[in-house]
Amino acid sequence: MLQQFWFLLLLALSILVCLVLMPPSTDQSSGYQYKPFIMWTPGDHVNDSTQNEVTYGYHPDQPLPFSHKLHAGDRDIPCQFCHSSASKSTVAGIPTVETCMGCHNYVNTDAEPIKQLKESFDKKKPIEWTRVHNLPHYVRFSHQVHLRARDSKGELLLGKTADEVCMACHGPVKEMTTASQYAPLQMGWCVDCHNRIREPATESKAAVPFAPVNCNVCHY
Amino acid sequence: MSMERETDELLRLERKPEVFLPADGAMEAPAAEFVPGPYYMSADERIPEVADENSRPDHGMAAVGGVTPSEGTTASQTVVDRRDILRFFSAGALMSATACVRRPAEKIVPHVRQPRDHIPGVPVVYATTCGECAAGCGVLVKTREGRPVKLEGSPEHPISQGGLCGMGQAAVQGLYHPERLKGPHVRHGRRHDPMNWDDVFQQLASALKDKKKIGIFTGGSTGHRHQFFREVLERLGSDASRLYTYEANGLFASVARAHEIAFGQSDLPRCDLKKAQVIVGIGSDFHDVGTSVVYHTKGFAQSQPFRGGSRGTFVQFESHLSLTGSRADIRHVIAPGSETHTALILLRSLYEHRASRGSAAARTQVRRFLESYDKVIAGAYQESGVSRELMDKTAEELLNAPSLVVAGGSASADENSTLLQLVTIMANVLTGAYGSTLMMENGWQPSPVKVGDLGRFLQEAPELDALFVIDSNPVFTVPESWGIRSLLEKIPLLVSVQPFPNEVDQIADISLPAHHYLESWGDEQPVAGFWSARQPAVRPTTDSRQAEDSFLWLLAYMDLSLPYKDYRSWLMDKWRRIYHLVGTRSDFETFFKAVLRRGFVGKPGSRTVGELRDLRSYFRELRPVPRGLILTAPLDSRFQDGRSAHLPVLQEMGDRLTTIAWDSWLALSPETMRKMGLRQNQLVKVRGGEQSFDVAVFPLPGLHAASAVIPRGNGHLNQMSTISYQNGVNPLVAFAKKEDPLSGQPVTASLSVELMATGDWYRLAAMQKQNDIANRSDIVKKVSLTQARKNQHKQVDLDTVPDLYPALEKKEYRWGMSIDLSKCNGCGACMVACSLENNVPQVGREQILLGREMHWIRLDRYFYGPVDQPVVTFQPVMCQHCMHAPCEAVCPVFATTHDPEGLNAMTYNRCVGTRYCANACPYKVRRFNWWTHKWGVIGSKATDRNPRALNPDVTVRTRGVMEKCSFCVGRLRDAKHEAKKEKRTVRDGEVKTACQQTCPADAISFGNLNDPDSQVSRERRDSRAYLMLGGDPEHGHYGLKTLPGVSYLAQVTLEEHPATGFGQRAGNHGHPAAEESHGAHDGD
Amino acid sequence: MSDEITWDKTVSDVNDGILAPTGKPHPMYYGALGLSLVCLLIGIVAWSLQIIYGMGLSGLNSPVYWGTYITNFVFWVGIGHAGTLISAILFLFRAKWRNSVNRSAEAMTVFAVITAGMFPLIHVGRVWVAAYWMVPLPNTNQLWVNFRSPLIWDVFAISTYLTVSLLFWYMGLVPDIASMRDRVRGFKRLVFGFMSFGWTGTLRQWHHYEAGYGFLAALATPLVLSVHSIVSWDFAMSVQPGWHTTIFPPYFVAGAILSGCAMVYTLVLPFRTMFRLEGFIRKEHLEALIKLTLLTSTIVFYAYGIEFFVAWYSGNEYEWAIFQKRATGPYAFYFWVMVSCNCFFPLAFWSSKIRNNQVACFIICVLINVGMWFERYNIIISSLVEDFVPGSWGHYEPSLTELAITIGSFGWFFTWLLIFCRFFPFVSMSELKLIMPKPLRSSGVKRQGTGG
Amino acid sequence: MKKQQPGIVAIFRYLDDICHVTESIRDSRDFRGHEIVSFTSYHELMHLAEERHGPSQVRWFTLVGALSGVFTGFAMPLWMDYDWPIVVGGKTAGIYSVPAYFVFGFELMVLFGALATIMGMLVMGRLPNPKARIYDKRTTDDRFAVFVPGVSVESEQARLLKEKGAEEVYSTT
């Protein structure tokens, strides 16, 4: 009887250890890979933040059934055509209704969503989208800096084209209907990239990461 | 500036849209935008973009029946404030650590139409003119997503020259103040009922229908505002003379009146302090309040502190220690109320000196004057306590160099104030200051008030049918004995038009909330011929209207419409005149836009001022020096007459000399206190005036034994403002109805009182407990002028200290700061600027009593030497950003670390709150969030600032984390991104920290220490440079070897100056007896 | 010395004499337990309020960022020192008298260290993250802890100390639990059997047990010295004047042992009565304890003196100013309480009359505990209140919350201790038997033949 | 429950008796597999135990545990500093910070050493032993016992034990 008890205790302990050491499941196949030692501790998520476990694939309902697949994918509109402040500001910006109406005054005006859009434009009532990518309030992330990141040869660091740069973090937006969160947006994920992307080593110099990893790059 | 260049300048500005964006953008582009930013998330900020357009008067009179904006009605109750949610999370965190919490859905609401030149997340800067006092400083308003988040002095503006005082900085808190009236109110008995604008105008229109005797009571302004009011009064059928202007700062009236008497020009001369090598102040207060505090501080900082081997001399005669007096090289304590007598003996010494100047006619006038008052002057030595030799020496100093005599301060609040100014004028004539350091013939300051209006108002008010009180608070700022309150109550229709409700609103029949100046149009003429424009930087934050627009509406309702759709168009009409005056080639529209972009335009005019007149007759009224303990109520250096007492950031900044926050106190000389058996915090009853009142005493060195000082400005009894309500005491209740017969200003000084200990105690929230340096040698350093001169070209290397470990790799930048203790005048603007830039919370009196103030930069104030003649040093202390930071190594979780650019980075969200770093910090600059600083509460006070005023670029700290100065790392980051965009490094001076930017004395410089040519590097190599707690490196003592990034420049003292007794005083310094008496005071 | 004790009990009396009263303790026991629970409740309420409303409920401020909580932390860690000292070091020294008090000392150690370990959590601003972030656990931030911080050393030192003390304590308990097992039946027997690992007392078990015990003692001995050294580094590693001195580790260790010994005495005396153990914890044992207290008290006295001397001798103006202020400044009261209680009052122990007067000893030991608490309070507060920059000087008074949590910590400690001795032997029976007269056929054991 | 090996238990009262018995039956073939049970660790008995079992192997556990503790104590901070080197207090992480790691080396030495010692003690003492055989309840109070497996009360061994001073000899099943 006591033997069973000891056995069960050991079993429980080992399960606990496995749980702690288990890497989080990554259902997205991205270029990003966790270090084997990435684990979750309870402190990660309760830190006054808006972050929690629901991070991957978060795609809330939006007021209008806007499809990125249709616009960015099929029609091949560049990302920054609509999210124009991404290269000039910290925020990428959600396009104004005016931007939408630039085309939809003429295109597909009969569709129900477009009618709603028109109504919003006429009544000057902005559309309230639901935020998909939500960083905690203590993180300063600048879109423009990441869009402009270049290596010493002047090549874009995060992709070959501007759109690829966007998709490095936002994932295959061109295949998404509703925008969905692709990256975990957790600190380890940021840091991993900041550490991984390095200037190639030369004879005189070791490989140096392009991006800084000191705390006050993002937290101030 | 030639006309050609002026035009080029305008065109250049036109081509630089990124500097100042189109001025009327604020009107055309709705400012209701809010984008993904951390703090703009509550639903009540979703201002429908449509509603407002009709409610604004820009749509002409046709839109009169338009709807009022319905903002704020979109049920903010349903949305829990985001921070509340977070707090909830963190409290329940232990329990829900593994529970899967659904994240709160946040909304993003983009514009319907993109406003011009507006990118979400990028600040837009507007130039405007500060409206907090009559000085007319130029400010740049940094707006984020349409909301002003920070004010900065406009660097090009000749008045502010980039600086801004604490009160100016705090204005942004006034804009968002939650207790601003939300819409017009009508009083029924003691109740104030809201009403909509339409009804209120109709009611007003019918009430004013056949009334002719309508008056306007307003504060000082140098712009077109008063002219507009006069026009309105005439249009209403009243008389333009029924515009009454009043400023509680008596200096405007007395100086203007004195110059009117002396020269026939009712204006203020502009004191060009940067040209004056010797300044003699007689109770002067140009660092505290004065007539244009930033301008004067800038000028002072350019002439007086040590630079290039020389420095100016500032001699102050005053009865109580003021910020201005604390900057004096030689400070003489005189009997309170004897300022005029002191000036008289100075005048005599000046006249009798062979080098004295002045035209023959003027000298004759002075001679005659001195002869007539020989007896008075002979007795004045005794009364003021100044010896003749001393005055002769002072006079000699004055005549040896470009010099100036300034008088003012509390001396401008007694019955002799205009006489004092008259003597000062004569003295300045003899020193030859007019034309060199005193600008009266060109570039003078127009007086913001009309002299004698208050007296006129008292006479005429009983007959008035209606009175509009605009931007003024006579009920509070005029002593109660004047009966302004009952006078106003008797007026059949009293309308109060205030940006923030004050005592007048309490008794007003109708309150029309006015725009804050950041929402208004306007202009100021701080210097003759120099116009500074004011434009809105934000759409109205509450349902208020600009005072001028309200009149236009009212006139429209009364069918008396003026041909202007709003005040702006009226103003543009006036500006056409200025346009012609300036005479550029471009058209008016271009001119006006360019002016708005830049904020000002100027074309100095000149005039001829007559000879000095015979002033003898006025002095028959000279009042003798009062006897006994004299109560003086000077303007508070933080919020002047109390106009900004509702701003928590100013209350929390604390008085810079006593370091008391949130209270009023009675300052007494420690010697007097000992004689009277009083101790600090003891509550005394002040008797002898009109009304007696209780106040706690505080021992302040540098006071005359007979001097008792209570700053005015606190003690509001207006329940509409929770912050200022019953905060401190109002000393004005003690003053009887007396006025300066020449300027008509109420007397708020020279009152003989007696003190009675009540036996009760009241703890004053003094932030600094130790008042002297406690014999520490490497915290504040001083060098003598000779020493400084000798070592002028010597260089020191503060960064080479023996170290066991190899130095860190040198990077492109190492950010550093240098603070010149010679320049710092302790005004505290840096504290306010820092608090606003970095979202530093205000904590309230109770927490300050516990020692929990949150300032990231604190101003340490130390007294040296004997109690009656202290040397005062102000030392701004912020995080020193040590290379070998003791705080970093002890943090268990890497919440504070070193960044490659020499910054000591604090990561709030990593902090667990062990507070070890704060213990380890030898400078004690770290601040801990003891509470969740709620935006609605400060201590026991129920209201605080609006979260919309928060800087979105700086994290708001939650409970339980440490915080501290970050060297404004957000600004650094932005500057580096800018530089990187242009493929260069950050230039010296390109990036400024908030404290440095606002410092009116330019005491702070900031930059890259790894750039040997940067100003901060040069200052760090200066022979005067030292590191706080850095020991004595010259003798091989390196102190704590923390290697701070902040270096200080030692204060230069003047002990060997020939003209003064300073040498003796320096001898006294450190004398055991002096120390002892001082120490006794500290022990209190 | 204990060899000279004349025992009126034999080994056969031990089990009965110690285990029997645990079931029916003195009425004093229930009074004490009730009081402890009330105190504990006060503490729990105070801490809950502090978690809900924030650290502002404490009297801490700028510049006094540490106060009563850290005082309590150091105090309890100090209390926790006597246990391992008595168990391990005196074991290695073969001081026989420790066998009668070592169990109580070890139990005290374990509960004191648990109490101490809670204080870092009580005092941090964000306890909900501190518990995880202060240990190097793998996490999604990819961030580890700062191994250069004395607080992390603390984490390791305290947790090691707690673990080792627990092991040591429990190891000693195993044969005793086996004894208890053999006195009961049914479910209790199952539980005790489980708890005793099935100890049978064979020679093989005893052989390895003794070896293990020795090694554990050898490991624990430097640990005892290290833990309070590391705690002292919390202070000594910062640049604060009055803290930044090299004398701190030995000084703290001596102080800890002093407080620990005094606490053991303070506990043993009433517990002896409560559980009627007078026959086993003899006055000679108590006197030995008092002698140890006297020894450490003189060491502490010396440390106080040398600290002042070094402060003056160093010529460091800040250091010397702090020490002058300690003795004469606003917090001088605490300093003189500390000096009188820790240095002057224990001098009475030189007199053997007083050493043998248990009431006097008890009072002095309580005073030593008070003095040791104030020693920590004095060190922490006086250095922080007025340090380098006069402009930042402040003042500090503990708030009601802090006092309540302090009371609560005593409640917590005594609750556990009282519960423990209600169910487990308060004297190590197997070890006590060792120092009692051996059951030899040749000696006069026959006299006690009826005892079994 | 599994049936236990039968044998006899002899109860002794006196230490000198049990010492004699222990010494005399230690190498005797007749007493193979016997167990001596004591209520405390009298030095005399321990001396005999050492002669019977040799020096305790627990020391190797302690050594290995302590050494691995030292290794971990230095390796863990060093690796973690290498993983993300963060500058604090003007010093880079890693080799310059090694003085601080002595603390961890020491603490983990003690911790691991102590844990290993306990483990060694349990392993070597065949503990925890849920099916432990309690020979006699008095052996945890004040009696010594000798258990001899596979013999009966009537055997030679029992007689010998009685002779040596056993208070009582009885058989167990």
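**Helix packing in chain C, and the chains around it**

H10(C) and H12(C) lie oblique to each other. The model in which they do so is a predicted one. Helix H10 of chain C covers residues 283-314 and helix H12 of chain C covers residues 332-344; their axes are 8 Å apart and the packing angle is about 140°. An angle over 145 degrees would count as roughly antiparallel, so at about 140° the pair is classed as oblique. On the H10(C) side, the contact is made by C:Ser297, C:Val300, C:Phe301 and C:Tyr304. H12(C) supplies C:Val339, C:Asn342 and C:Cys343.

Two packed helices are described by the angle between their axes and the distance between the axes. Helix H8 (residues 203-236) of chain C and helix H9 (residues 248-274) of chain C cross at roughly 125°, and their axes come within 8 Å. That angle makes H8(C) oblique to H9(C). The crossing of H8(C) past H9(C) is right-handed. From H8(C), the residues in the contact are C:Leu225, C:His228, C:Ser229, C:Val231, C:Ser232, C:Phe235 and C:Ala236. Facing them from H9(C) are C:Phe248, C:Pro249, C:Phe252, C:Val253 and C:Ala256. Nine of the residues in this contact are nonpolar and three are polar, while none is charged.

Is C:Phe235 buried or exposed? C:Phe235 has 24 C-beta neighbours inside 10 Å, and the threshold for burial is 20 or more, so C:Phe235 counts as buried. Setting aside residues up to four places away in sequence, C:Phe235 touches C:Trp243, C:Phe248 and C:Ile379. C:Phe345, 110 residues from C:Phe235 in sequence, is 27 Å away in space, C-alpha to C-alpha.

C:Thr22 sits in helix H1 (residues 11-23) of chain C. C:Thr22 has 17 C-beta neighbours inside 10 Å and therefore counts as partly exposed. Which residues does C:Thr22 contact, leaving aside its neighbours within four places in sequence? They are C:Phe275, C:Cys421, C:Arg422, C:Phe423 and C:Pro425. C:Thr22 and C:Arg183 are separated by 161 residues in sequence, with 13 Å between their C-alpha atoms.

Chain A has eight helices and three strands. Along the sequence these elements run α-α-α-α-α-β-α-α-α-β-β. Chain A has 220 residues, of which 25% are buried. Of its contacts with a separation of 6 or more, 56% join residues 24 or more positions apart.

The mean pLDDT is 75, and 75% of the residues reach 70 or more. Helix H2 (residues 68-74) of chain A has the highest confidence, at a mean of 89, and helix H1 (residues 2-21) of chain A has the lowest, at 66. Residues 22-54 of chain A have pLDDT below 50, yet in the model this stretch has 67 contacts beyond near neighbours in sequence. Where pLDDT is low, the predicted coordinates should not be read in detail.

One contact between chains remains to be described. Chain D contributes eight residues to its contact with chain B, and chain B contributes 11 residues. The side of chain D that touches chain B consists of four nonpolar residues, three polar and one charged.

Conventions: Residues numbered from 1 in each chain as written. Chains lettered and ligands numbered in written order. Predicted model: local features only at pLDDT ≥ 70, side-chain atom pairs only at ≥ 80, totals over all residues. Helix = DSSP H or I, 4+ residues; strand = E, 2+ residues; numbered from the N terminus. Buried ≥ 20, exposed ≤ 12 C-beta atoms within 10 Å, placed from the backbone. Contact = placed C-beta atoms within 7 Å. Nonpolar A, V, L, I, M, F, W, Y, C, P; charged D, E, K, R; others polar. Axes fitted to C-alpha atoms, helices over the stretch in contact; angles between N-to-C directions. Parallel < 35°, antiparallel > 145°, perpendicular 65-115°, else oblique. Left-handed = near helix turned anticlockwise from the far one by under 90°. pLDDT = per-residue confidence, 0-100.
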